[in-house]
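Subject: Structure handover

Hello,

Please find the structure below, followed by notes on what was found in it.

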Amino acid sequence: MPTAEPHVRHAALAIADAVERLDRPALARLGAEATRAQLLARETLHDYLELLWETLKLQGQRPAVRPEYQPLAALLDVLGSLRDSAHQAVHGPPGGPGSARGDLG
């Protein structure tokens, strides 16, 4: 998982928290099919950006410590939060009733 400079990560987490407060009730109003579609879309985008991150690591770019990659780390934080919200909307809380997996990783 990416690590970002504290100010970039703090901003990303603040954005994720603000969006999550809007996102969870909106997901709850969607039908089951639309909620599953949201989960798939969010997982797909997160997975793609995580692949970019891993590719940078394989290329020796050290994205966790290079400032030019901190926006990618921040975006991964935000998308991870959105993915997790949709996962919980579809499967319930981690480890709770209806949970298909105990973790999201």
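**Notes on the model**

Arg66 is partly exposed, with a relative accessible area of 29%. By the cut-offs used here, buried is under 20% relative accessible area, exposed is over 50%, and partly exposed lies in between (1.4 Å probe, protein chains only). The areas come from the Shrake-Rupley method with a 1.4 Å probe, and for residues only the protein chains shown count as cover.

This is a predicted model, in which local features need pLDDT of at least 70 and side-chain atom pairs count only at pLDDT 80 or more, while totals for chains, interfaces and linings use all residues. Residues are numbered from 1 along each chain as its sequence is written, and side-chain values use heavy atoms, with hydrogens and water left out.

**Salt bridges**

How many salt bridges does a search of the whole structure find? The search gives 5, a salt bridge being a side-chain nitrogen of Lys or Arg within 4 Å of a carboxyl oxygen of Asp or Glu.

- Arg66 pairs with Glu68, with the closest N and O atoms 2.4 Å apart. Glu68 is partly exposed, at a relative accessible area of 44%.
- Glu20 pairs with Arg24 at 2.6 Å, N to O. Both residues lie in helix α1, 4 residues apart, which is about one turn of the helix. Glu20 is partly exposed at 23% relative accessibility, and Arg24 is partly exposed at 32%.
- Asp23 pairs with Arg42 at 2.7 Å, N to O. This pair links distant parts of the chain, with Asp23 in helix α1 and Arg42 in helix α2, 19 residues apart. Asp23 and Arg42 are both buried.

Helices here are DSSP runs (H or I, at least four residues), as are strands (E, at least two), numbered from the N terminus.

**Ala12**

Ala12 sits in helix α1, residues 6-29. Is Ala12 buried or exposed? Ala12 counts as buried because its relative accessible area is 3%. Leaving out residues up to four places away in sequence, Ala12 touches Ala74, Asp77 and Val78, where contact means heavy atoms within 4.5 Å. The C-alpha atoms of Ala12 and Asp77 are 6.4 Å apart, although the two residues are separated by 65 residues along the chain.

**Nonpolar patch**

Leu45, Tyr48 and Leu52 make a nonpolar surface patch of about 280 Å². Patch residues have over 30% relative accessible area and no salt bridge; like charges are joined within 9 Å, and nonpolar side chains (Val, Leu, Ile, Met, Phe, Trp, Tyr) within 5 Å. Tyr48 belongs to helix α2, residues 32-58, and is partly exposed at 48% relative accessibility.

Regards
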